[in-house]
Amino acid sequence: MVSWMVPYGHSTPGKVLVVTNISRSQTGEYKCEAIVMTVEMQQRQQPLMCSVNKPDNVRLTSSAINYKACKGKDISFNCSADANPEVTSYQLFENGTAILNTSTAGMWSKTLENEGVFVYKCVANNSLGSDYSMNVAVTINVPSSIIQITQYQNATEGENVTLMCIVSGVPPPTVSWMKPNGERDNGYSLGVKNVRRSQAGKYKCETSNECGNATKMTRIYVQFKPENVQLNSSAMNNTACEGKVISFNCSADANPAVTSYQLFENETAIFNTSAAGMWSKTLVNEGVFVYKFPSSIIQITQHQNATEARGKLANTKCEASNDCGNARDVTSIDVHYKPENVQFPSSALGNKACRGDMISFNCSADSNPSVTSYQLFENDTAISNANLSGMWKRNVSMGGVFMYKCVANNSLGSKFSSSLMVTVNEPSSIQPMHSMTVTEGDNVTLMCSVSGMPPSIVSWMKHNGQLHSGYLLELVNISRNEAGEYKCEASNECGNATEMATIDVQYAPTITNISGGQTVNKGDMVSLFCMAEGNPSPTMTWTKVADNSPVNFPMIICGSQDEGLYRCTAKNDVGSPVTRDVSMTVHRNPCLEECTNGRNCREFGKYLCLCPKGKTGHNCKENAEVREKWRNLQSQAKKELSEMAKEQKKTGRGQAPNMPSALTAKVIDIFKETRSFTGLEGFESTGPEANLPTQAAEQVATTVEVNNSLLEQLQEAVQDGPRPQVKVVNVQKAENQSKKKNKRKITQEDILEEQYKALIAKQENLKLKKKKKLELEVSLLEQKVSSVPGYQVSINLSP
């Protein structure tokens with residue numbers, strides 16, 4: 001005895017175990033037990049394991065903490081799934097595109113080369129199918145870095161100095177400045193007003209975010225003219241002797257360092273200039289000499305250009321007087337000064353502009369003599385050519401923070417303007433997106449990779465016009481109604497951007513309309529239609545179900561072989577093919593033969609080929625024509641029968657009487673027992689056609705025609721069993737027949753009964769000799785009964 005023990009605990013007898021519509025819950029051990037019908041042993045086979053499910057519960061994990069990682073770092077991914085049989089391969093996808101190689105372990109390592117938001121998923125495959133994990137969105141940030149820092153600055157004590165630190169990074173990094181004295185200021189720029197020499201030194205810019213730190217150094221040099229000038233000599237108590245050598249030493253505080261020293265004696269420069277400020281002099285004169293002269297102005301300073309005062313002093317007088325008299329002279333002073341009060345406005349509103357804009361700058365200053373040139377600086381680098389107007393236009397072609405300043409120059413020196421920081425923002429832009437082809441029921445994630453400064457406002461417009469805010473648009477269990485164009489829109493103060501993504505949702509075909517069942521005739525031309533919906537468009541085929549043979553429409557019906565079910569099959573590359581069946585019934589002729597010569601198939605107990613009403617005969621001629629022919633045949637038959645009777649009554653040994661023709665013999669044989677041929681009561685004959693009632697004569701005339709169909713049926717009935725019972729009933733006169741049992745005239749019913757008797761007699765002798773005669777009589781009966789109004793024929797073929 002053989003039986004199976006299944007995992008859920010019951011036993012099923014038999015050598016074969018069929019598990020229909022198997023599910024994962026039926027996974028487990030299936031034990032086949034074969035028990036040998038002996039006392040001493042029982043044999044068992046090894047348990048069998050059933051594998052029943054494609055990959056499921058697919059999970060994708062990454063080493064990114066809180067789904068964030070840094071550019072330049074390595075990130076690891078791990079894909080796992082439940083499957084039986086085991087997963088054969090895993091594939092990793094980034095933004096819908098397969099990356100790296102397939103892996104049997106489901107593990108990958110990737111160096112993050114670009115920043116942004118990336119959507120990852122994996123697919124697990126085995127021999128039964130595939131399944132995807134949920135999407136994992138990972139934000140790739142950028143470590144902080146210092147793009148540019150203000151270069152070393154040389155400032156004159158008392159001026160204002162601005163240091164700029166331009167940084168980048170995602171998320172935006174924090175920025176601070178470390179001063180030489182250890183103090184810290186937060187922000188991209190550091191302003192030092194009325195700079196003092198004590199503030200000279202190193203300044204450090206520090207920036208940081210969660211992905212990393214960066215540091216750069218710069219320096220401020222504070223310059224001032226010489227001051228605290230000291231002159232020392234070797235003369236003790238400022239007294240020396242003639243002929244001796246005396247030394248002098250001059251020193252001063254200055255930045256940059258003193259370039260030269262000059263020694264004066266009685267307001268007259270003596271010796272050469274000295275970089276060291278040291279001289280030696282031999283004293284060649286002694287005593288003190290005093291000279292007295294009348295007052296007079298020997299020399300007056302000519303017109304002077306000065307740099308300290310402001311304005312122009314005209315007609316300045318010098319007056320001198322002593323005991324001997326007075327003197328007076330006049331001169332002028334024109335005070336010169338280097339550029340100051342440098343103004344530097346721009347056309348950037350709020351010191352902001354957009355990439356691609358044209359910005360104008362205007363530099364102006366107060367100076368005497370006039371400014372000889374202006375120069376524009378961008379991030380401490382001279383740009384454009386120096387000019388006298390102090391006006392520039394600049395097309396900003398890059399985004400970022402830029403520090404601009406200008407310098408005004410004249411013959412006495414130069415002066416910088418305050419720094420002007422201009423933020424050049426980036427218009428919104430979107431990376432091109434690719435169209436997607438998915439299968440109905442998939443989970444789809446659309447990501448809009450946007451850049452711009454300031455950060456753009458991002459939204460998705462779905463195919464039906466609904467708006468969704470954010471970079472990501474997730475479509476769970478997508479349906480065919482969600483196919484179409486999806487538009488990502490991004491905008492900021494510098495401009496808008498739009499990108500389109502088209503989703504093509506593919507789905508299995510469904511048959512939406514099909515022909516109904518058909519009943520057709522032989523020779524008909526038939527076309528069946530079948531309409532299906534699917535994406536991609538399904539291919540449609542017709543087959544005959546009985547033999548699975550292909551069928552092309554339209555088709556001509558050849559006969560019963562074309563009857564049966566016809567199957568429409570719609571299929572595409574998605575899902576399983578779908579089918580619908582249409583039945584085709586070929587309308588058969590219920591008669592056992594094809595009806596010819598104008599006959600129709602009509603029910604007469606069984607279906608027979610009969611002439612239409614009003615027509616009779618082999619070729620279904622009109623009744624009037626048949627009656628005329630019958631009258632002639634009847635008259636000829638009676639004449640020949642009469643002559644033959646006369647000849648038979650003659651005595652002697654004369655020649656035998658001539659036999660009637662074959663057709664005449666058939667007519668005589670049919671009617672030889674009727675009263676029309678024996679002159680019975682009830683007939684007043686004035687011609688051959690008067691021997692029968694008019695209606696009966698018309699019907700009997702069809703004897704000359706043959707209906708083979710009825711004859712064959714009656715022959716089979718006679719051969720296969722008892723003689724059929726044929727009953728002819730006059731429906732209208734049935735009630736009166738019982739009252740006319742005695743003496744009466746011959747009626748049409750009597751004639752029909754006689755014909756019936758003749759038919760039965762002929763059928764009994766069919767096997768011996770009179771097959772053709774019976775055929776004529778059967779045809780006669782059929783034509784009579786079907787053509788006489790008010791009559792029914794009942795043929796009972798049962799024993």
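1. Lysine 121 lies over the face of tyrosine 132, 4.8 Å from the ring centre. A charge sits over a ring if NZ of Lys or CZ of Arg is within 6 Å of the ring centre and within 35 degrees of the ring normal. Arginine 197 has its charged end over the ring of phenylalanine 224, at 3.4 Å from the centre.

2. This is a predicted model: local features need pLDDT of at least 70, side-chain atom pairs count only at pLDDT 80 or more, and totals for chains, interfaces and linings use all residues. Residues are numbered from 1 along each chain as its sequence is written, and side-chain values use heavy atoms, with hydrogens and water left out.

3. Eight aromatic pairs turn up in a search of the whole structure. Rings of Phe, Tyr and Trp (its six-membered ring) pair if their centres lie within 6.5 Å; planes under 30 degrees apart count as stacked, over 60 as edge-to-face and the rest as tilted. The pair of tryptophan 542 and phenylalanine 553 is edge-to-face, because the ring centres are 5.4 Å apart and the planes stand at 80°. Tryptophan 542 lies in strand E50 (residues 539-544) and phenylalanine 553 in the loop between strand E51 (549-551) and strand E52 (555-556), so the pair ties together parts that are 11 residues apart in sequence. Strands (E, at least two residues) are DSSP runs, numbered from the N terminus.

4. Tryptophan 542 counts as buried, at 11% relative accessibility. Buried means under 20% relative accessible area, exposed over 50%, partly exposed in between (1.4 Å probe, protein chains only). Elsewhere, ring pairs link Phe344, Phe361 and Tyr404 into a cluster.

5. The whole structure holds seven disulfides. A disulfide is a pair of cysteine sulfur atoms within 2.5 Å. One of them joins cysteine 79 to cysteine 122, S to S 2.0 Å. Its S-S torsion is about 70°, so this disulfide is right-handed. Cysteine 79 sits in strand E8 (residues 74-84) and cysteine 122 in strand E12 (residues 116-126), so the link ties together parts that are 43 residues apart in sequence. Cysteine 79 is buried at 2% relative accessibility, and cysteine 122 is buried at 0%.

6. Cysteine 354 and cysteine 494 also form a disulfide, with sulfur atoms 1.9 Å apart. The link of cysteine 354 and cysteine 494 is left-handed, with -85° about the S-S bond. Both cysteine 354 and cysteine 494 are buried.

7. Cysteine 363 is joined to cysteine 406 by a disulfide, S to S 1.9 Å. The torsion about this S-S bond is about 70°, so the disulfide is right-handed. Both cysteine 363 and cysteine 406 are buried.

Definitions and conventions:
Helix = DSSP H or I, 4+ residues; strand = E, 2+ residues; numbered from the N terminus.
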